[in-house]
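Student: I've got the chain open on my screen and I'd like to talk it through with you. Can we go question by question?

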Amino acid sequence: MGLAQAAADEARAAGEVPVGAVLVRGDEVIAKGFNHPISGHDPSAHAEMAALRAAAQKLGNYRLPGCELYVTLEPCLMCAGAIMHARIARVVFGARDPKTGACGSVVDAFANPQLNHHTTVIGGVLDDECGDALRSFFADRRRAARERRAAAGRDGEPGASEPL
């Protein structure tokens, strides 16, 4: 999970929501990814999707049996679908996502017995640390937006630059 957190830090440095993912098989790191939908102009550029794509290219197969995915935030429904199609054996995630989480927070895609592949899911690993990274990112964004609005309001008022 530490490597996934490092990938999340890369996303944050790029101005993206800090979510990171690492795909491993045994002790071997196969691929990593981080969120980049904003810079990539791609709504599917979630950390999990980036790691799955990189791993599939590296291994030369869209099926990734025996692999485990570590991700700092509970996967969404899109990512859960890709994880199932890739035949990932286990997903380990950090923070729960109460808005779009597909591992039990909003829906539980992996608990559906009608599906032909079943991935083991473990949630809440380093939950506080992963959640704190997301909370601080969004707090910083809200603070910066307030400062921009405040600066625009001062600059836009007639006589605001004149002394009293």
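Student: Leaving out residues up to four places away in sequence, which residues does Ile88 touch?
Tutor: Keep in mind that we're looking at a predicted model. With residues up to four places away in sequence set aside, the list for Ile88 includes Cys67, Glu68, His117 and Thr119.

Student: How many residues are in the largest nonpolar core, and which have the most contacts inside it?
Tutor: As a rule, nonpolar side chains tend to be buried together in soluble globular proteins. Here the largest nonpolar core has 38 residues. Those with the most contacts inside that core are Leu23, Leu52, Leu64, Leu69, Ile83 and Ile88.

Student: Which elements each supply at least two residues of this core?
Tutor: Both helices and strands turn up here. The helices are α3, α4 and α5. The strands, each also with at least two residues in the core, are β1, β2, β3 and β4.

Student: Let's take α3. How far does helix α3 reach from its first C-alpha to its last?
Tutor: Helix α3 runs over residues 47-59, which is 13 residues. At 1.5 Å a residue you'd expect 18 Å, and the model comes out close to that. So, from the first C-alpha to the last, the reach is 18 Å.

Student: Which residues of α3 are buried, and what covers them?
Tutor: The buried residues of α3 are Ala47, Glu48, Met49, Ala50, Ala51, Leu52, Ala55 and Ala56. A general point about helices: with 3.6 residues a turn, residues three or four places apart point the same way. The cover over the buried residues of α3 includes β1 (20-25), β2 (28-34), β3 (68-73) and α4.

Student: On to α4. Which residues of α4 are buried, and what covers them?
Tutor: Buried in α4 are Cys79, Ala80, Ala82, Ile83 and Met84. What covers these buried residues includes α3, β3 and β4.

Student: Is Cys79 buried or exposed, and which residues is Cys79 in contact with beyond four places in sequence?
Tutor: Cys79 belongs to helix α4. Buried means under 20% relative accessible area, so Cys79, at 0%, is buried. Leaving aside neighbours within four places in sequence, Cys79 is in contact with His46, Glu48 and Met49.

Student: How far apart in space are Cys79 and Ala102?
Tutor: Along the sequence, Cys79 and Ala102 are 23 residues apart. In space, C-alpha to C-alpha, Cys79 and Ala102 are 8.5 Å apart.

Student: Which residues is Gly123 in contact with, leaving aside neighbours within four places in sequence?
Tutor: Gly123 lies in the loop between β5 and α5. Gly123 is partly exposed, at 29% relative accessible area. With neighbours within four places in sequence left aside, its contacts are Phe93, Gly94 and Arg96.

Student: What is the volume of the largest pocket, and which residues are closest to its centre?
Tutor: The volume of the largest pocket is about 570 Å³. Its lining has 23 residues. Closest to the centre are Val17, Leu73, Asp97, Leu134 and Phe138.

Student: How do the lining residues divide, and which element gives the most?
Tutor: The lining of the largest pocket divides into 11 nonpolar, 4 polar and 8 charged residues. The elements that give two or more residues to this lining are α2 (37-40) and α5 (127-156). With 5 residues, the element that gives the most is α5.

Notes: Residues are numbered from 1 along each chain as its sequence is written. This is a predicted model: local features need pLDDT of at least 70, side-chain atom pairs count only at pLDDT 80 or more; totals for chains, interfaces and linings use all residues. Side-chain values use heavy atoms; hydrogens and water are left out. On a 1 Å grid over the protein atoms alone, a cavity is a set of points where a 1.4 Å probe fits but cannot get out, and a pocket is an open set with protein on both sides within 12 Å along at least five of seven lines; lining residues have an atom within 4 Å of a point. Grid points are joined across faces, edges and corners, and a volume is the space filled by probe spheres set on the points. Helices (H or I, at least four residues) and strands (E, at least two) are DSSP runs, numbered from the N terminus. Ala, Val, Leu, Ile, Met, Phe, Trp, Tyr, Cys and Pro count as nonpolar, Asp, Glu, Lys and Arg as charged, and the others, Gly among them, as polar. Buried means under 20% relative accessible area, exposed over 50%, partly exposed in between (1.4 Å probe, protein chains only). Contact means heavy atoms within 4.5 Å. A nonpolar core is a set of buried Ala, Val, Leu, Ile, Met, Phe, Trp, Tyr and Cys residues joined through side-chain atoms within 4.5 Å.
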